[in-house]
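Open the model in your viewer and show it as a cartoon. We will go from stop to stop, selecting as we go.

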Amino acid sequence: TLTFTHTRIDDGTARALSWLLPAYPFVEAITLHLCDFTGDAWGDLCEALSRSSVRRLDVMGSPLARAHVETLAMAIKASTALQSVSLRACGLADEAVRPLMQALASDPPLQGLSLWGNPVTPQTAEELLRALRLNTHLTHLSLAHTELGDAGLIRVAQGLSLVPLTPDEVEERKAAEERYAAQVKEAEAAKRKKKPAAPAAPTPKPGAPSGRNSAQGVLPVAPLAPVKKAPRSAFPLFF
């Protein structure tokens, strides 16, 4: 996990991350608490996220605008690894979160989304409801400490009850699933291209000895020694 707290992330830092994240698949989470983004830093970071193995992005207390969310929404739709996005107390109002609703409607592999502490009002309830009805991956959604109020939350809950999808919604969901399947195939093909091929075995020259069967005869092979099993401990060990 990469964690940045009270940090001004400039273009240089973002360029370093854009090189680091796709090259090191063991980085699975990024935490950005009370950070500021200058220049094209946020765009470079989101572009790197779409090409990396990062599974969780946690942003808290960092001021974000609609332009930031639009860039993040594109990364969410392009990534096949990102599973959780948390944007807590980032000052996102109704207009700013609209690109996120559109991204959810495209049914990306995102499983968790948190808008905790953002000034989202009941105006977002209808767009959120439509996005959730077209989404098949999201399983965790946090709307705590927002301004949706009881009316907005009840509207979303009622819309997600056992109400069948309309024909148009069925077609949109099918199209989203086909786009996601094609995206996964492209990502797998790109990974196979990057994987280096195994070196070919050298071809022996005619008449040259090869392997153990040489002109001097077959080399002797020592028998394998029996493996002694260690005594099993009464309790499992944890480190």
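What percentage of the 239 residues of the chain counts as buried? The value is 33%, where buried means under 20% relative accessible area, exposed means over 50%, and partly exposed lies in between (1.4 Å probe, protein chains only).

Before you select anything, note that this is a predicted model, in which local features need pLDDT of at least 70, side-chain atom pairs count only at pLDDT 80 or more, and totals for chains, interfaces and linings use all residues. Numbering starts from 1 along each chain as its sequence is written, and side-chain values use heavy atoms, with hydrogens and water left out.

**Stop 1: the whole chain**

Colour by secondary structure. The chain has 7 helices and 10 strands. These are DSSP runs, numbered from the N terminus: helices are H or I with at least four residues, strands are E with at least two. Now show the surface.

Contact here means heavy atoms within 4.5 Å. Among contacts between residues at least 6 apart in sequence, 87% join residues at least 24 apart.

**Stop 2: strand β3**

Select residues 29–33, which form β3. How many of the residues of β3 are buried? The count is 5 of the 5, so β3 is largely enclosed by the rest of the structure. Show the side chains. In a regular strand they alternate between the two faces of the sheet. Here Ala29, Thr31 and His33 point one way, while Ile30 and Leu32 point the other way.

Two strands pair if DSSP finds at least two bridges between them. β1 (residues 2–5) pairs with β3 in the parallel sense over 4 bridges. Look for Phe4, whose bridge partner in β3 is Leu32. β5 also runs parallel to β3, joined by 5 bridges. Across that pair, Thr31 stands opposite Asp58.

**Stop 3**

Beyond neighbours within four places in sequence, Leu32 is in contact with residues including Phe4, Ile9, Phe37, Trp42, Leu45 and Leu57.

Which residues have the most contacts inside the largest nonpolar core? They are Leu32, Trp42 and Leu87, in a core of 48 residues. A nonpolar core is a set of buried Ala, Val, Leu, Ile, Met, Phe, Trp, Tyr and Cys residues joined through side-chain atoms within 4.5 Å. The elements that each supply at least two residues of this core include α1, β3, α2, β5, α3, β6, α4 and α5.

**Stop 4: helix α2**

Select residues 41–50. The buried residues of α2 are Ala41, Trp42, Leu45, Cys46, Ala48 and Leu49. They cover an arc of only 160 degrees around the axis, which puts them on the same side of α2. The arc is that of the directions from the helix axis to the C-beta atoms. Cover for these residues includes β2 (8–9), α1 (11–23), β4 (36–37) and α3 (66–78).

Pick out Cys46, buried at a relative accessible area of 2%. Then pick Cys35, buried at 0%. The disulfide count is 0, a disulfide being a pair of cysteine sulfur atoms within 2.5 Å.

**Stop 5: two positive phi values**

Most residues other than glycine have a negative phi. Go to His6, in the loop between β1 and β2. Phi of His6 is near 50 degrees, and His6 is exposed at 62% relative accessible area. Then select Ala89, in the loop between β6 and α4. Phi of Ala89 is near 55 degrees, and Ala89 is partly exposed at 33%.

**Stop 6**

Select Pro99 in helix α4. Pro99 is buried, at 5% relative accessibility. Leaving out residues up to four places away in sequence, Pro99 touches Arg66, Val69, Glu70 and Ala73. Draw a C-alpha to C-alpha distance to Glu70: 5.5 Å, across 29 residues of sequence.

Move on to α5 (125–134). This helix is mostly covered, with 7 of its 10 residues buried. Among them are Leu128, Leu129, Leu132 and Arg133.

**Last stop: Ser142**

Finish in strand β8 (residues 140–142), at Ser142. Ser142 is partly exposed, at 24% relative accessibility. Past its neighbours within four places in sequence, Ser142 contacts Leu113, Ser114, Leu115 and Trp116.
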